[in-house]
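Here is a short tour of a two-chain protein model, written for someone who likes to keep the structure open while reading. Please have a look at the sequence and the fold before going on.

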Protein chains: 2
Amino acid sequence: MDTIFNKVDAKGRVSLPSDYRAIVKELSTEIVCYRSLTAPCIEGCTEELLDKLATEIENATDFFSETQDNLTNLIFGDAKRFTFDSTGRIMLTEKLLKHANITDTAVFVGKGRKFQIWTPENWEKEEARIRAEVLKNRPTLTRKTEGE
Amino acid sequence: MDTIFNKVDAKGRVSLPSDYRAIVKELSTEIVCYRSLTAPCIEGCTEELLDKLATEIENATDFFSETQDNLTNLIFGDAKRFTFDSTGRIMLTEKLLKHANITDTAVFVGKGRKFQIWTPENWEKEEARIRAEVLKNRPTLTRKTEGE
DNA sequence: CTATACCTTATGGTATATCATGGGTTTTTA
DNA sequence: TAAAAACCCATGATATACCATAAGGTATAG
C-alpha cells in the first residue's frame, strides 16, 4: 500500500519502505524483482507469490501454448532475488534500473500483493493516465464494487 | 453516524470521532484512507473492506489484464493504513490533506461502511448538491409513498 | 429540580522510537 | 589484485506513543 519516494544512493542502494518490509519480514528477508512486461517500471513481490503465479499460468493456458512459454520466459527469466540488509536496503541491478530509467529517486507504488518501482516523472504520468482511464469506465467499476 | 467537525493541528493530527472508532476498535486500531476518485475529499474504511474489494478485482479480471493492473495501482498505490493512538488520533499525510484542501478543520461524514473527510466549505456545497439532487427526484418518491 | 461529581472525548504538548540515508570497513569474487 | 557487494555504525528527520488538560455531557444525589 501507499506510494513512497526513496533515494537511490551512489552505490545503487535503496531502502525498501518499512511498510513493505513488514509483510515479508516474518517469513524471510528477501523479495523478487523483475522488469514489468507492460510498463517502464520494476515489479516486486515475494517469491511465494511468484510460485503461485507459475502454477496459475500452468493451469490457465495450454501446456504447449506459445503464450505460456512467453510469459514464463519473460518473468522467470528476468526475476532475481534481492535480500535486504539490516537497515532494509536492497541493491537493484543495472538492468532493472535501466528498464525503469531510474537514476536517483525510486517511487514505490503498492499493488496489494506486489508493488512497482517507477521514476517520479513516469509515475506521475502513469497515475494521471490510470485516473483518466478508470473515470471513463466508472459505471462498470461502480457496478462491480457496489456488489459489496 | 452523523457529521462531525474536528480540528487538524499543525502536524496534521486529527481525532477520529469516537463513534467511527467504535466500529473498528473491536477488530483493530487502524483504518485505511485514500483520495476520493471523484470528489475533493478523503475516503476512509476498514482494511477488511479494501481487501474484499481487492479479491473481487482479482476474481473479476485475470492476472495480466490491464484493468486489474489499473485498479490495483489506483487503489493500493493511493491507500495508506493509519493506526490511531490511545487518544484516537491519526496523522493524515500532506497528499491527502492537499487533495481535500483541508488545513485546520476536518468534517467527518458517515457513508455506511465507509466515511469521507471534507473541508467545512466543500462539505456545505456538497450537501446542498445532494439535497438538490434528492428534490429533483421527489415527485417519483412521492407517488410511490402515496400508494401505501 | 438543581447542582455536583464522574466519565468520555477532543486537543495541545512532549518524549521516545523508528526510519531513511550517508559514510566507512571488511569480505567476497571475478 | 581490483572492484563490487555485504556489513556495520552514525545521524538527522519524522512519526508514533504517551501524558496532561480542557470541554462537554450524563447520571446520581441532595
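## A helix pair in chain B

In this predicted model, helix α2 (residues 47–60) of chain B packs against helix α3 (residues 66–78) of chain B at an angle of about 170 degrees, and their axes lie 10 Å apart. Because angles over 145 degrees count as roughly antiparallel, α2(B) is roughly antiparallel to α3(B). Which residues make this contact? From α2(B) come B:L50, B:L53, B:A54, B:I57 and B:E58, and they meet B:Q68, B:L71, B:I75 and B:F76 of α3(B). Sorted by class, the contact between α2(B) and α3(B) has seven nonpolar residues, one polar and one charged.

## Where the two chains meet

Now to the interface. On one side, 32 residues of chain A are in contact with 29 residues of chain B. Together the two chains bury an area of about 2600 Å², and carbon and sulfur atoms give 58% of that area. Between chain A and chain B there are 10 residue pairs in polar contact, with both residues at pLDDT 80 or more.

The biggest giver is α5(A), with nine residues. By class, the side of chain A that touches chain B has 12 nonpolar, six polar and 14 charged residues.

## Salt bridges

Side chains of opposite charge can pair when their charged atoms come close. Over all chains, the whole structure has 22 salt bridges, and five salt bridges are counted between chain A and chain B.

| Salt bridge | N to O distance |
|---|---|
| B:D78 with A:R131 | 3.8 Å |
| A:D9 with A:R89 | 3.9 Å |

The pair B:D78 and A:R131 joins a residue of chain B to a residue of chain A. The other pair, A:D9 and A:R89, sits within chain A.

Definitions and conventions:
Residues numbered from 1 in each chain as written. Chains lettered and ligands numbered in written order. Predicted model: local features only at pLDDT ≥ 70, side-chain atom pairs only at ≥ 80, totals over all residues. Heavy atoms only, no water. Contact = heavy atoms within 4.5 Å. Buried area = accessible area lost by both parts, 1.4 Å probe. Salt bridge = Lys/Arg side-chain N within 4 Å of Asp/Glu carboxyl O. Polar contact = N/O pair within 3.5 Å; in protein donor to acceptor, adjacent residues only side chain to side chain. Helix = DSSP H or I, 4+ residues; strand = E, 2+ residues; numbered from the N terminus. Nonpolar A, V, L, I, M, F, W, Y, C, P; charged D, E, K, R; others polar. Axes fitted to C-alpha atoms, helices over the stretch in contact; angles between N-to-C directions. Parallel < 35°, antiparallel > 145°, perpendicular 65-115°, else oblique.
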